[in-house]
Amino acid sequence: MAKFMLIVHEKPGTYKGMSPEEMQRIVEKYQAWTDKIRASGRYVVSDKLMEEGGKVITAQKGKLSVLDGPYSEAKEVVGGYFTLRAANYEEAIELTRDCPHLQYGRIEIRQTDPMGCGEE
Amino acid sequence: MIQPQAQVHELVEHLFRHEAGRMLATLSRVFGLENLDLAEEVVQEALLQALRQWPFQGIPDNPRAWLTQVARNKALDLLRRRASLRRKERELEQQFAARQSAVAATEPSGAAVLGDEQLAMIFACCHPGLLPDAQVALTLKAVSGFSVAEIARAFLAEDATIAQRLVRAKRRIREAGITLNLPPPAELSARLDSVLQVIYLLFNEGYSAHAGENLVRQDLCGEAIRLACLLIEQPATALPRVHALLALLYLQAARLPARVDSDGNLLLLAEQDRGLWDQDLLQRGLRELEQSAQGEEISTYHLQAGIAALHATSPSFADTNWPSLLGLYDQLLSTAPSPVVALNRAIALSMVHGPEAGLQSLDELGADPAMRSYYLFPAVRADLLRRLGRTDEAAACYRHALACPCTEPERRFLQRRLEQLAAVVERNHAAIRT
């Protein structure tokens, strides 16, 4: 089965000023969603990315340049990702449809390219 | 990263809210109550980190320990950034080490350590140097982990009003030098009274038929009970009147499920389906009431809990022990006279000596200016008139009640009573015609 990466984009400050109760409800919604994904055997891996720090490296004419970023002042940052198994994009979308994150930001779905290594 | 077969964890209800209160108590002990804002900032950041991390990494094995550790780290960062607080590092380490082992320990030994900190915070929030409104708001914010918006929703106030109230309360804490210590034994009893008053207010706000959101109001009742339980768990505050207050709250809460019908309309005690009363809460209430009897003191909470217990244990409205109830109301009226108590007493009186006697006692009450704009006064009068068959006068009283300020559920209730009365009048007229 193919693997799909759910890239979670978020706007910094989305959760600012939220009450503890509201935060707990969001955590619980997420837990319910990931439980469902895991129970269906579609879960592969997920990671949250650090909010602060980050480096952007570019090489121009053999010269390496390392810049700090992306900054949290940016309009949108990648907060983390989930990798799931799905038959095709259609199914990947179906699995993502009720992800609680959609209330707060967009999710980009990309199929990983096995490059002829064969599917697991 | 979580393993695909990772064990699934569920969060205890209101864990974030209650943990916010507990962490805030620990942090405020280190930072000093004058730096309550800073402590709140750290707590908020720790919870935010959980919110951002747990969706991807799963809920940790011990969420409370996780939150404590993160709060400790964030607090340490903050202390290091602030020269004026840097000397508190060691204290922070000690407090959090104690806290962490308390969180890791199985209850109740851990609960005692944390409860003690929370108790000090409750006493500080209910300090008599603060206005009653401020005491309530601050307790909800600092002990119960409510947000400004949630407090505002519960009290049907503007966010800005509540925010302003909290700012003033915190300023007052600094000016008056209120600290995070339990009151000395000589002052404990008097200080405890203002704490009980705040808990009582919280519960009533949740219990009363305001047009506010149901969920928030239930939370207020639940929170009031939790705070009263916290007082009971601590030996210094487990006094008879605290048991009595907790008994009252349990007994009232037990009747909550029957107070409205499926359409959300308020029901009279006589109309309620007693089968819907929560038996578990009811039994807890009766047990607390028993506990409250150990000692000499009879507080107003004892009397109110006694009244609630009589209702709670009566098989029906008609089979209620009204003479006993009247006796309790008499006692309550003499220790804590209030128009509302007098109104309730008039109802009990009418059940013992008839509606005529009830009306007479209402007439005496009518002189009180507070009664003139209180919707229940004409509403009770209307009901007594109805029982005497004076339906036209009763209808006029209901119309008078509808002209008084009241909430939407209360207005619907009065409207319904008026319509029922009109139906009776119609039936009577029809009977005369045939």
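Four strands of chain A form an open sheet in the order β2-β5-β1-β6, with antiparallel pairing. The model is predicted: local features need pLDDT of at least 70, side-chain atom pairs count only at pLDDT 80 or more, and totals for chains, interfaces and linings use all residues. Residues are numbered from 1 along each chain as its sequence is written, while chains are lettered from A and ligands numbered from 1 in the order in which they are written.

Strands here are DSSP runs of E with at least two residues, helices are runs of H or I with at least four, and both are numbered from the N terminus. Two strands pair if DSSP finds at least two bridges between them. In this sheet, β2 and β6 (107–111) of chain A stand at the edges. Each has a single partner strand, so one side of each is left without a neighbour in the sheet. Neighbouring strands are turned by 15 degrees against each other on average, direction ignored. Such angles are taken between axes, which are lines fitted to C-alpha atoms (for helices over the stretch in contact); they run from 0 to 180 degrees between N-to-C directions.

| Strand pair | Bridges | Residues facing each other |
|---|---|---|
| β2(A) and β5(A) | 5 bridges | A:K48 and A:G80 |
| β1(A), residues 2–10, and β5(A) | 9 bridges | A:L6 and A:F82 |
| β1(A) and β6(A) | 5 bridges | A:V8 and A:I107 |

**Where the chains meet**

How many residues does each chain give to the contact? Chain A gives 21 residues and chain B gives 27 residues. Two residues are in contact if their C-beta atoms, placed from the backbone, lie within 7 Å. On the side of chain A that touches chain B, the elements that give two or more residues are α1 (20–39), β2 (43–48) and β5 (77–86) of chain A. The largest share, 12 residues, comes from α1(A). By class, this side of chain A divides into 8 nonpolar, 7 polar and 6 charged residues. Ala, Val, Leu, Ile, Met, Phe, Trp, Tyr, Cys and Pro count as nonpolar, Asp, Glu, Lys and Arg as charged, and the others, Gly among them, as polar.

Strands β2 and β5 of chain A also have a helix of chain B lying across them. This is α2 (residues 36–57) of chain B, which runs at about 160 degrees to β2(A).

**Chain B**

Chain B has 20 helices and 0 strands. Its C-alpha atoms fill a box of roughly 90 × 55 × 40 Å, taken along the principal axes. Of its 434 residues, 41% count as buried. Buried means that 20 or more other C-beta atoms, placed from the backbone, lie within 10 Å of the residue's own; exposed means 12 or fewer, and partly exposed lies in between.

Helix α11 (residues 240–255) of chain B has 16 residues. From first C-alpha to last, α11(B) reaches 23 Å, close to the 22 Å expected at 1.5 Å a residue. The expected span is 1.5 Å times one less than the number of residues. In α11(B), 15 of the 16 residues are buried, so this helix is largely enclosed by the rest of the structure.

Chain B is divided into domain 1 (1–104), domain 2 (321–372) and domain 3 (378–434). These bounds come from an automatic or database domain assignment. The C-alpha centres of domains 2 and 3 of chain B lie 21 Å apart. Here 9 residues of domain 2 are in contact with 5 residues of domain 3. On the domain 2 side, α16(B) gives the largest share, 5 residues.
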